[in-house]
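Hi,

My notes follow below it.

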Amino acid sequence: MSGRAETQAERRAKAARDFGLEGRTLYLPHMPFGGSYLLAAAIRSIGVDAWPVPDSDERTLDLGGSVTSGDECYPQKIVVGDFLKQLRDSDPGKIGFLLPTANGPCRFGQYNHLVRRVLNEHGYSDVPLMTITSSDGYRSIGEYGNDLVRTGWRAVIAQDILMKMLLKTRPYEIVAGSADAVYQQGLEEAAAALSAMDVTHKRRLEDLRAALQRSRDRFRALDCVYDRSRPLIGVVGEIFCRNNTFSNGELVRVVEKHGGECWISDISEWVWYTDDESARRFESEGRKYSKANAVRGLKAGIQRRDEETLYGPLHEDFVGYEEPHKVREVLDLAWPYLPYTGSLGEMVLSVGKAVYLHGKGVDGIIDISPFTCMNGIVTEAVYPVVQRDLEGIPVRTFYFDGTQSDLGRDVGIFMELATTYQRRKKTVRRFPGYFGAA
Ligand code: SF4
């Protein structure tokens with residue numbers, strides 16, 4: 001070895017070799033598009049060429065439907081449909097896919113096996129399918145683990161921040177499309193900071209924070225008419241369907257069209273949930289003081305610091321939209337309905353977050369669920385009791401399976417209920433300064 005630093009081209013070649021992706025681009029499902037766009041940027045920082053899959057469309061459903069039996073969850077159909085579409089539309093020799101996975105209480109952990117089988121059966125056995133999961137300490141990304149997990153976490157936070165800025169601004173914009181344009185520019189600038197190679201973690205954090213601050217300024221400068229009477233709707237539910245706008249029929253935009261504003265649960269909430277779950281597991285196994293739990297705590301501390309740094313310039317803008325400081329707060333709120341020691345996954349987060357959002361003064365809760373998803377089935381059974389305890393706030397589960405008949409009509413009815421509740425509710429909502437005096 002000469003001791004000479006590797007050039008970026010050499011690092012790219014090595015990363016491609018290490019992941020079996022020579023000559024290939026790695027594609028990710030949308031969850032949401034902006035989140036995958038930023039995660040792909042984070043992956044490019046280690047030298048792998050990564051991008052989100054092209055937008056889903058009717059062919060996604062046709063292709064996904066042709067290789068699934070109906071027993072699978074709807075997100076599975078979308079993911080596999082998008083992958084097959086991409087393979088048919090491009091050179092399969094230049095493509096690889098990434099599918100994050102988890103050991104959840106449901107079928108999610110099986111997605112990667114089914115996708116692999118479908119690809120093999122359709123003549124794409126050479127197409128790499130990468131999976132990453134926190135449950136094995138991200139073993140599949142080997143030596144890149146520490147760098148990618150840290151940059152990936154920042155991508156998650158940047159996605160959450162940009163999404164919040166978009167959703168709290170778009171309903172009030174004067175020029176249609178102006179908030180979306182600012183959001184897109186924000187994604188591009190954040191991606192530039194995340195994808196840079198050969199920068200220290202410290203420098204990347206500073207660049208990303210500066211990019212988010214510029215986005216904040218552009219959102220602030222948009223021509224908007226803020227109106228306190230617009231109902232604020234909390235959006236919870238299954239993580240893929242909630243964030244993949246194609247699979248949920250662009251529900252957030254439909255709510256906005258019917259006069260509402262949405263506050264959607266963050267992606268980072270799930271990451272904190274998995275961390276809390278491992279901390280509890282260590283404790284229950286008598287390994288609270290183990291080295292592994294200490295490493296977990298250390299990582300969580302670093303993640304928390306990065307999160308606080310990125311949110312730093314946004315506090316004033318997010319007055320009234322504060323997230324719980326710790327995910328345990330959400331779990332504790334869910335406890336009377338679904339104790340988190342027995343119930344697992346998104347159902348607990350959805351119920352706890354619904355209670356939390358009620359406390360923040362929202363005017364209704366929408367739970368987005370794939371049809372037949374056990375999370376949605378459980379939460380729908382629990383919501384009547386939650387509503388009874390929370391001033392009768394409207395809560396509605398919207399199921400999706402790609403055959404939604406009249407989403408606009410259903411949302412319209414829900415918004416009527418939210419407006420009526422808004423007039424009689426006792427919980428006070430805090431507004432940021434830009435809404436002006438009451
Ligand atoms: S959360 Fe619901 S949709 Fe997702 S894998 Fe589990 S059961 Fe299926």
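Which residues touch the most other members of the largest nonpolar core? They are Leu38, Phe97, Ile161 and Leu251, in a core of 127 residues. A nonpolar core here is a set of buried Ala, Val, Leu, Ile, Met, Phe, Trp, Tyr and Cys residues joined through side-chain atoms within 4.5 Å. Buried means under 20% relative accessible area, with a 1.4 Å probe and protein chains only. Helix α6 (residues 145-169) gives this core its largest share, twelve residues.

Before you go further: this is a predicted model, where local features need pLDDT of at least 70, side-chain atom pairs count only at pLDDT 80 or more, and totals for chains, interfaces and linings use all residues. Numbering runs from 1 along each chain as its sequence is written, and side-chain values use heavy atoms, leaving out hydrogens and water.

Now Phe97. Contact means heavy atoms within 4.5 Å. Leaving aside residues up to four places away in sequence, Phe97 touches, among others, Leu26, Tyr27, Val53, Phe83 and Met130.

The whole chain:

- There are 16 helices and eight strands, taken as DSSP runs (helices H or I, at least four residues; strands E, at least two).
- The C-alpha trace spans about 70 × 55 × 50 Å along its principal axes.
- Buried residues make up 55% of the 438.
- Of contacts between residues at least 6 apart in sequence, 76% join residues at least 24 apart.

Best wishes

Methods: Buried < 20%, exposed > 50% of the residue type's maximum accessible area, 1.4 Å probe, protein only.
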